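Reader: I'm new to this, so could you walk me through the rings in this one?

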Number of protein chains: 2
Amino acid sequence: MAEKPKPKPTPDSTRRSEKSRRAIYEAALALVGEVGYPKTTIEGIAARAGVGKQTIYRWWSSKADVLLDAFMDLGEQAARAAGQETYEIPDTGDLAADLKLVLRATVDELEDPRFEIPARALAAEGVVNEPLGVVFITKLLEPQLQLYVKRLRSAQGKGDVRRDVDPRIALELFVSPLAQRWLQRTGPISYAYTDTLVDYALYGLAPR
Amino acid sequence: MAEKPKPKPTPDSTRRSEKSRRAIYEAALALVGEVGYPKTTIEGIAARAGVGKQTIYRWWSSKADVLLDAFMDLGEQAARAAGQETYEIPDTGDLAADLKLVLRATVDELEDPRFEIPARALAAEGVVNEPLGVVFITKLLEPQLQLYVKRLRSAQGKGDVRRDVDPRIALELFVSPLAQRWLQRTGPISYAYTDTLVDYALYGLAPR
């Protein structure tokens with residue numbers, strides 16, 4: 001993992017570090033969205049953030065590391081904006097309602113240009129660049145998918161999901177359709193759509 | 001749509017045209033897989049196929065058109081190899097079995113390097129290049145998805161799928177998880193995996 005800036009003893013230098021760190025994240029996300037991953041460079045990020053190249057190299061060893069932290073920071077900002085300390089799937093006892101709520105928030109995030117443009121650039125690179133794809137999926141996407149695993153396990157404990165179901169596969173029935181429509185533009189995205197996915201996944205396509 | 005080579009009156013020139021066309025398709029698919037879509041050029045395809053640039057421009061107006069026809073030809077070859085004139089989803093009356101059979105064939109295709117490498121390059125470009133993505137999804141992927149729509153409608157007619165289900169969304173419960181695992185490498189792909197997707201989608205995650 002990338003090293004985080006270490007706060008210096010004085011409040012002023014801490015503020016300066018925090019300001020630089022934020023400028024670097026914003027520059028990295030903007031640049032990758034504009035020119036794509038292959039043409040994004042540490043030099044380009046530094047120039048755009050108005051910091052020296054060495055400031056970046058002091059904290060991160062590669063552009064992949066900068067982008068990884070920038071996306072993690074974006075996720076933390078979104079969680080804070082939603083009034084959460086860490087991102088969690090609610091467990092109100094109503095599985096369908098809890099899943100629909102989280103998927104509606106995901107629809108909003110996927111349509112937010114601050115997330116969408118850099119995330120598309122990185123996702124595109126991950127499709128053809130296996131080592132990068134694996135790192136970003138493992139560190140950014142999989143931890144989010146594990147929140148669904150946890151929520152589905154809780155539902156299995158209460159008898160709301162069959163016990164012979166593998167939660168890691170089950171979550172894909174509602175997460176992957178949304179991901180594919182977003183990535184490949186195979187269809188429109190809306191709350192009604194993600195609500196429908198949850199209902200179909202929980203109750204099945206065959207008559208009961 | 002791209003113009004197809006028009007056979008000349010003599011058998012010899014027809015054979016020559018067909019040979020050039022096949023060489024162009026193979027060159028286009030190999031090149032896009034090796035250097036990616038942005039660096040693939042008509043000049044590069046011509047050089048690799050051993051034909052003049054004008055031969056390509058006589059039949060196609062852009063590299064996107066060449067690639068579109070090359071992928072369609074690859075699909076037709078796969079259908080012929082499977083002993084089918086046109087690609088269809090079987091309708092034996094056993095919906096689960098029919099879907100599992102087709103998804104197993106898709107697993108094989110996704111893992112075939114002749115398809116996988118160029119398809120990844122094109123999918124990656126489609127994620128960030130909206131006009132290209134829309135053309136390829138509309139002309140290559142959506143017609144395949146419509147075969148599932150047709151099969152699910154037939155199942156609705158027989159009472160095997162609820163009549164209030166939208167077949168265009170329903171198919172995504174088993175198609176999109178496989179697509180995401182392949183595109184983003186979020187998990188391994190196998191016949192057991194796609195069989196499980198079909199069972200979960202048809203019978204649902206909640207107890208019956």
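**Rings and charges**

Author: Let's start with a charge: the charged end of Lys63(A) sits over the ring of Tyr37(A), 4.2 Å from its centre. "Over" here asks for NZ of Lys or CZ of Arg within 6 Å of the ring centre and within 35 degrees of the ring normal. This is a predicted model, where local features need pLDDT of at least 70, side-chain atom pairs count only at pLDDT 80 or more, and totals for chains, interfaces and linings use all residues. Residues are numbered from 1 along each chain as its sequence is written, chains are lettered from A and ligands numbered from 1 in the order written, and side-chain values use heavy atoms, leaving out hydrogens and water.

Reader: How many aromatic pairs are there over all chains?

Author: Rings of Phe, Tyr and Trp (its six-membered ring) pair if their centres lie within 6.5 Å; planes under 30 degrees apart are stacked, over 60 edge-to-face, and the rest tilted. Over all chains, that rule gives a count of 10.

Reader: Are the rings of Tyr25(A) and Trp60(A) stacked, edge-to-face or tilted?

Author: Their centres are 5.8 Å apart. The planes meet at 55°, so the pair is tilted.

Reader: Is Trp182(B) buried or exposed?

Author: Buried means under 20% relative accessible area, exposed over 50%, and partly exposed in between (1.4 Å probe, protein chains only). Trp182(B) has 9% relative accessibility, so Trp182(B) counts as buried.
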